Amino acid sequence: MNTRTPLSRVEGLGAAHSGVGHFVRQRVTAVALVPLALWFVWDAISLIGADRETAVAFLKMPINAVPMGLFVVISSIHMALGVQVVIEDYIHHEGRKIVLLVLNQFFAWIMAAASLFALIKIAL
């Protein structure tokens, strides 16, 4: 399925050299986050007042560890896409824009990796 517009196909570039792809990725991650966020909030509320051992036991169960991993990865991607739009729209100095875009991606990858590492360490 090609999500590019006819004009984009002719010119070879979209508005930010990526066209509709960024828009679609943002929307797909948003839709994926709806059930994951509902699951996360529901279970987080159920763990209020629980001790550490209960929370660790909760994350050791694969039925909870897998959605938590998905929540971490998808929310990191969604966050990076959203911040990218803000940077592209409001930072006008090209040098600063490039640095901030790189830092944005770096931050998202580091946070996702650290969160997944902690989750895997708990689950295993």
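This is a predicted model: local features need pLDDT of at least 70, side-chain atom pairs count only at pLDDT 80 or more; totals for chains, interfaces and linings use all residues.

Guide: Residues are numbered from 1 along each chain as its sequence is written, and side-chain values use heavy atoms, with hydrogens and water left out.

Visitor: Why is the pair of Phe40 and Phe71 called stacked?

Guide: Rings of Phe, Tyr and Trp (its six-membered ring) pair if their centres lie within 6.5 Å; planes under 30 degrees apart count as stacked, over 60 as edge-to-face and the rest as tilted. The count by this rule is two aromatic pairs. One of them is Trp39 with Phe58, stacked at 6.3 Å centre to centre and 20° between the planes. For Phe40 and Phe71 the centres are 4.8 Å apart and the planes at 10°, so this pair is stacked.

Visitor: What does the pair of Phe40 and Phe71 tie together?

Guide: Helices here are DSSP runs (H or I, at least four residues; strands are E, at least two), numbered from the N terminus. Phe40 lies in helix α2 and Phe71 in helix α4 (residues 62–90), so the pair ties together parts 31 residues apart in sequence.

Visitor: What makes Phe71 buried or exposed?

Guide: Buried means under 20% relative accessible area, exposed over 50%, and partly exposed in between (1.4 Å probe, protein chains only). Phe71 has 17%, so Phe71 is buried. Phe40, at 32%, therefore counts as partly exposed.

Visitor: How do you know whether Asn104 is buried or exposed?

Guide: Asn104 has a relative accessibility of 7%, so Asn104 counts as buried. Asn104 lies in helix α5 (residues 94–123). Leaving aside neighbours within four places in sequence, Asn104 is in contact (heavy atoms within 4.5 Å) with Ala80, Val83, Gln84 and Ile87.

Visitor: Why are α4 and α5 called roughly antiparallel?

Guide: Axes are lines fitted to C-alpha atoms, for helices over the stretch in contact, and angles run from 0 to 180 degrees between N-to-C directions. Angles under 35 degrees count as roughly parallel, over 145 as roughly antiparallel, 65 to 115 as roughly perpendicular and the rest as oblique. α4 and α5 pack at about 170°, with axes 10 Å apart, and are therefore roughly antiparallel.

Visitor: What makes α3 and α5 roughly perpendicular?

Guide: Their angle is about 95°, with the axes 8 Å apart. α3 and α5 are therefore roughly perpendicular to each other.
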